[in-house]
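Have the sequence and the model open as you read.

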Amino acid sequence: MKDFSSEDKSPEYFYMGLYVLVGAGALMMAVGFFGCCGAMRESQCVLGSFFTCLLVIFAAEVTTGVFAFIGKGVAIRHVQTMYEEAYNDYLKDREKGNGTLITFHSTFQCCGKESSEQVQPTCPKELLGHKNCIDEIEAIISVKLQLIGIVGIGIAGLTIFGMIFSMVLCCAIRNSRDVI
């Protein structure tokens, strides 16, 4: 297993998530701009396109949420497997040290599996007592995924509100043109 704390990593690996977030933000900004233009120009076509974009984004949010919910156990098992590999690598060669194990221990504020005696040098100094890392990984990832789910539901609610508002505005524009 490659040591995550080594210096030979390419920067592209770290910035990939950033690029995705910037791209998603730019897409949302463009969609919002078209929605504002459609409302300002009172264009049913642009408002309909805005609604369609929001509908596609909503479908993507729901799909992502379903996949995250289904894959939660797989993600937890994957991180636990990574920890166990780093743990076993450290036990094989204690002199070498293991930056990955140190990173796991400091991130999850835990030490070892059943006992912390074998890996005590890699444990955080401020940790009092023993915390099983396998259990902590599961607990923390579950809590974080639950928080992400709550935020996702909030964003989906705002997307639904935007879709309703765009359709109401589109219908109001159509009704005002019918009167004239």
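C111 counts as buried, at 1% relative accessibility, where buried means under 20% relative accessible area, exposed over 50% and partly exposed in between (1.4 Å probe, protein chains only). Before going on, keep in mind that this is a predicted model, where local features need pLDDT of at least 70, side-chain atom pairs count only at pLDDT 80 or more, and totals for chains, interfaces and linings use all residues. Residues are numbered from 1 along each chain as its sequence is written, and side-chain values use heavy atoms, with hydrogens and water left out.

So who is the partner of C111? That's C123: the two form a disulfide (a pair of cysteine sulfur atoms within 2.5 Å), with their sulfurs 1.4 Å apart. Both cysteines lie in the loop between α4 and α5, so the link ties together parts that are 12 residues apart in sequence. Helices here are DSSP runs (H or I, at least four residues), numbered from the N terminus. C123 is buried too, with a relative accessible area of 6%.

The other bond joins C110 and C133, whose sulfur atoms sit 2.0 Å apart. C110 is in the loop between α4 (99–108) and α5 (133–179), while C133 belongs to helix α5, so this pair ties together parts 23 residues apart in sequence. The torsion about their S-S bond is about 100°, so the disulfide is right-handed.

Number the bonded cysteines in sequence order and the pairing reads 1-4, 2-3. C37, meanwhile, is in no disulfide: the nearest cysteine sulfur, that of C36, is 7.0 Å away.

Note on methods
Helices (H or I, at least four residues) and strands (E, at least two) are DSSP runs, numbered from the N terminus.
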